[in-house]
Amino acid sequence: MKIVKNPDPKAVIKVPPNSRIPIETSDNMFTHHGIVLVTGRRGSGKSIWTTNYLRLLKEENKADRILVISPTIESNKALLDSLDVQPEDVIDPDDPDATVKLKQEIEDERDEYESYLERKKKWKELQKLLKTHSVSIDQIDPYLLLEFADELGQLTPPVAKYKEQMKDGDRPPLLHVFIDDCQSSGLFRDKKFLNAVIRHRHIGGLKAGGAVGCSLFICIQNLKAQQGGCPRAIRNNATQMVIVGKNKDEQELKDIYGSIAGEVEYDQFETAYNYATAEPHSSLVIDFHPKKTHPSRFRKNINEFICM
């Protein structure tokens, strides 16, 4: 093979600045936003794994709101109560407008956040005027005063919807979507939903750049099937894959391995899988985008890395 380089210094690929702002999480957690694909047989513990991970995110103030798309919400009510999921945050996957409603919720969060930033800017302007001795209160726009006056006539500063936003430097709201038992629903056949999966971190674009976006946690029973399989748009865009419990279907295991082929040999993958899923409800986690501090992209459950 012969290589001839173009001497023109302009003939290079320039990568634009990344407007994406990753969510800072503790070292055991994934980088978000992402698409976490959780697969396992019925009763394997997919919902348990997902709700536990979301609980950990909430404990470190990285989950302001959790939306749920599921037709079986009542059976998981106890799990969802622990995540403080509100009834109005549950969407029926067979609703033809499910994707539209999901995007609208994210865009409403965006609008509320940008409104808060605008009000905070006005508040700073008001405080500057009030501290200027050359300007009397009669010269200040009364509508500006009324905007921040409470029922007692006291001026109060604007408050973000989620108090954790203010603690983290007025960051955008952190949204996560838990999608469960939807594999055979109309949602997985909805082109709008599959497009939203691909664009998940770009939904709710901000005026200043970037977007509110969301992370998706999608629980499924199998990757491939003649009917009701996992769409390619989801499989190919997964940032993490979680295999919960033992799977007796050898072909299914090979399908999963196909998602990581090239990283390790099949016998190494099989060894890691057998070790990670030896106990009930335990799991093999494959992180396609591990942090630099992670010694491996493979782990058992959340906190045990498997180095090969």
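This is a predicted model: local features need pLDDT of at least 70, side-chain atom pairs count only at pLDDT 80 or more; totals for chains, interfaces and linings use all residues.
**Exercise 1. Follow the contact from threonine 50 to phenylalanine 178 and describe the second residue.**

Step 1. Phenylalanine 178 belongs to strand β4.

Step 2. Its relative accessible area is 2%, so phenylalanine 178 is buried.

Step 3. Residues up to four places away are not counted; phenylalanine 178 then touches Ser47, Thr50, Thr51, Leu54, Leu67, Val68, Ile69, Leu80, Phe217 and Cys219.

**Exercise 2. Decide whether lysine 62 is buried or exposed, and list its contacts.**

Step 1. Lysine 62 is placed in the loop between α1 (46-59) and β2 (65-69).

Step 2. A relative accessible area of 14% makes lysine 62 buried.

Step 3. Apart from neighbours within four places in sequence, its contacts are Ile23, Glu24, Thr25, Leu57, Asp168, Leu174 and His176.

**Exercise 3. Describe how helices α8 and α9 pack.**

Step 1. Two packed helices are described by the angle between their axes and the distance between the axes. Axes are lines fitted to C-alpha atoms, for helices over the stretch in contact, and angles run from 0 to 180 degrees between N-to-C directions.

Step 2. The axes of α8 (residues 250-258) and α9 (residues 266-276) come within 11 Å and cross at roughly 115°.

Step 3. The two helices are therefore roughly perpendicular to each other. Angles under 35 degrees count as roughly parallel, over 145 as roughly antiparallel, 65 to 115 as roughly perpendicular and the rest as oblique.

Step 4. On the α8 side the meeting residues are Leu253, Lys254, Ile256 and Tyr257, and on the α9 side Tyr266, Phe269 and Tyr273. These divide into six nonpolar, no polar and one charged; Ala, Val, Leu, Ile, Met, Phe, Trp, Tyr, Cys and Pro count as nonpolar, Asp, Glu, Lys and Arg as charged, and the others, Gly among them, as polar.

Step 5. Glu252, Leu253, Asp255, Ile256 and Tyr257 are buried in α8. The buried residues of this helix pack against β1, β6 (240-244) and α9.

**Exercise 4. Find the nonpolar cores and the contacts of leucine 284.**

Step 1. A nonpolar core is a set of buried Ala, Val, Leu, Ile, Met, Phe, Trp, Tyr and Cys residues joined through side-chain atoms within 4.5 Å.

Step 2. There are 47 residues in the largest such core, and Leu37, Ile179, Phe188, Ile218, Ile234, Phe269 and Leu284 have the most contacts inside it. A second, separate core of 21 residues includes Trp49, Val68, Val85 and Ile302.

Step 3. Among the residues touched by leucine 284, beyond four places in sequence, are Phe269, Ala272, Tyr273 and Ala276.

**Exercise 5. Locate the backbone features at histidine 33, aspartate 170 and asparagine 301.**

Step 1. Histidine 32 and histidine 33 are joined by a cis peptide bond with omega about 15°. Histidine 33 lies in the segment before β1.

Step 2. Aspartate 170, in the loop between α5 (163-167) and β4 (175-179), has a positive phi near 60° and is not a glycine. Its relative accessibility is 13%, so aspartate 170 counts as buried.

Step 3. Asparagine 301, also not a glycine, has a positive phi of about 55° and lies in the loop between β8 (298-300) and β9 (304-305). At 25% relative accessibility, asparagine 301 counts as partly exposed.

Key: Residues are numbered from 1 along each chain as its sequence is written. Side-chain values use heavy atoms; hydrogens and water are left out. Helices (H or I, at least four residues) and strands (E, at least two) are DSSP runs, numbered from the N terminus. Contact means heavy atoms within 4.5 Å. Buried means under 20% relative accessible area, exposed over 50%, partly exposed in between (1.4 Å probe, protein chains only).
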